[in-house]
Amino acid sequence: MAKILFLSHRAPFPPDKGDKIRAFHMLRHLARHHEVWFGAGADDVGTSPRPDVTDFPFRDACIAPLGPFRRGWNMVGGLAAGAPLSVSRFRHRRLERWIQHVLTDVRPDVVFIYSSAMAQYVIGRTAPGTRLIIDFVDADAEKWRAYAAAARFPMTAVFAREARRLTMFERRALDAAEAGIVISDTERRLLSAQIPSGAGKLRVLSNGVDLDYFAPAPGRGDGRSIVFCGRMDYQANADGAAWFAREVFPKVLASRPDATFRIVGACPTPAVRALGALPGVEVTGATPDVRPYLREAAVVVAPLRIARGIQNKVLEAMASARPIVVTPAALDGIDAADDYEVLVGADADGFARAVLDVLTGRTMPWLGENGRRFVELRHQWSTQLLALDRLIDNEDDRLSAEAAA
């Protein structure tokens, strides 16, 4: 049993979006098998940052409020200091003091960083012998480069600056770490190209999906509903919803005028809410449970044009045995076969054709079942967390040393 300081950029309670889902499962697993001190920020208004103490028996925890005003003020300070804005936004003095107390008085065996931004609290501050492991999740600087390429001035300059500064910070963090984790081989290649000096430290730990929670429902949906799930204040989701509603869905309606497109997710931006005025488009806003929408869906879509890492929304739809149409970007890191476990549409015409193939019954009827079997074989949390155990126990390095001897 190790003493672990687990730091996350945001408290993953409830686990209602991609980054929080991954952190939730890792943190719960470690808390059940080790002594864990947990530190995080809480920036989601209206949700509880506190977990069930039965599932998360922490030795101690500090969850610091990071509301919009504090985050904004932090980023102003980060801009003046030349720091990455996506790092400086997670600063909090109370959390910093608590972390320093744990580092000094507890002297943890392992500091586990979830999201590289939290490395700002520990670089150069750990005692000799403390192991630092960082879950980068994905090559986040690439996202900012993609935003810069798609944006207009002045935001293109802001995003390009963030990409440069974040790459510099993550190089420093990986240099200080014993190991870094990413979510897929694609992300490992990208991060290795950005930080060649740390490429040998990078390990892949993929995402899982809760197969019991997303158990398939009987039937094949209502025959006309197209569903896209995701938090709708996230730029990539908002962009994907707008692209599908304006560029793809009209092509679907031309052949299936009874079709509906449901955008299911919390915090829709004004631009996303405006899509609800288009024919056949419904914007639900926050919903306590996406499963009823998945069960009614004739087809689920993931029309992301900008994407990093593995999309949980894709795994959840596949686990629910729903046919799903994705862009190549949304499928990156998920090794599912086109036209067998998923359907892939690379542009508006191809995406619309794939959706219509499902709605009109031209595709194989067992596409959804094939997707379910894929996640059962490749994306169970129990399998992924075994790799986390090996990393925490330093098992891979020990076996390598024994083999070399």
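Q: What makes a set of residues a nonpolar core?
A: A nonpolar core is a set of buried Ala, Val, Leu, Ile, Met, Phe, Trp, Tyr and Cys residues joined through side-chain atoms within 4.5 Å. Buried means under 20% relative accessible area, exposed means over 50%, and partly exposed is in between (1.4 Å probe, protein chains only).

Q: What kind of model is this?
A: This is a predicted model, in which local features need pLDDT of at least 70 and side-chain atom pairs count only at pLDDT 80 or more, while totals for chains, interfaces and linings use all residues. Residues are numbered from 1 along each chain as its sequence is written, and side-chain values use heavy atoms, leaving out hydrogens and water.

Q: Which members of the largest nonpolar core touch the most other members?
A: Phe112, Ile226, Phe261 and Val355 do, in a core of 92 residues. The element that gives the most to this core is helix 8 (residues 235-255), with nine residues. Helices (H or I, at least four residues) and strands (E, at least two) are DSSP runs, numbered from the N terminus.

Q: What does Ile226 touch, not counting residues up to four places away in sequence?
A: Contact means heavy atoms within 4.5 Å. On that basis, the partners of Ile226 include Phe244, Phe249, Val252, Phe261, Val299, Val301, Val355 and Leu359. Thr260 and Arg262 are also among them. Elsewhere, a second, separate core of 43 residues includes Val102, Tyr121, Ala163 and Leu191.

Q: How do you know that the span of helix 15 is close to the one expected?
A: The expected span of a helix is 1.5 Å times one less than its number of residues. Helix 15 (residues 381-392) has twelve residues, for which 16 Å is expected, and it reaches 16 Å from its first C-alpha to its last. Helix 1 (18-33) can be checked in the same way: its 16 residues reach 24 Å, close to the expected 22 Å.

Q: Why are the buried residues of helix 15 said to be on the same side?
A: The buried residues are Trp381, Gln384, Leu385, Leu388, Asp389, Leu391 and Ile392. They cover an arc of only 160° around the axis, so they lie on the same side of helix 15. The arc is that of the directions from the helix axis to the C-beta atoms. After the helix comes Asn394, with a positive phi near 60°.

Q: Why is helix 1 called mostly covered?
A: Twelve of its 16 residues are buried. Among them are Ile21, Phe24, Met26, Leu27 and Leu30, together with Lys20, Arg22 and Arg28.

Q: How many residues of helix 11 are buried?
A: Eight of its eight residues are buried, and helix 11 (residues 312-319) is mostly covered. The list includes Val314, Leu315 and Met318, and also Asn312, Lys313 and Glu316. Ala321, which follows the helix, has a positive phi near 65°.

Q: Why does Ser116 count as buried?
A: Its relative accessibility is 6%, and the limit for buried is under 20%, so Ser116 counts as buried. Ser116 sits in the loop between strand 4 and strand 5. Leaving aside neighbours within four places in sequence, its contacts are Ile134, Asp135, Phe136, Phe169 and Glu170.

Q: Is Ser115 buried or exposed?
A: At 17% relative accessible area, Ser115 is under the 20% limit and is therefore buried. Ser115 is in the loop between strand 4 (110-114) and strand 5 (131-137). Its phi is near 85°, a positive value in a residue other than glycine.

Q: What makes Asp339 partly exposed?
A: Its 46% relative accessibility falls between 20% and 50%, so Asp339 is partly exposed. Asp339 is in the loop between helix 12 (328-331) and strand 13 (343-344). Although not a glycine, Asp339 has a positive phi of about 70°.

Q: Why is Pro292 not called buried?
A: Its relative accessible area of 38% lies between the 20% and 50% limits, so Pro292 is partly exposed. Pro292 is part of helix 10 (residues 291-296). Its C-alpha is 9.4 Å from that of Ala217, 75 residues away along the chain.

Q: Where is the cis peptide bond that has an omega of about -5°?
A: That bond joins Phe13 and Pro14. Pro14 is in the loop between strand 1 (3-8) and helix 1. Another cis bond, with omega about 10°, joins Phe153 and Pro154, and Pro154 lies in the loop between helix 5 (140-150) and helix 6. As background, most peptide bonds are trans.
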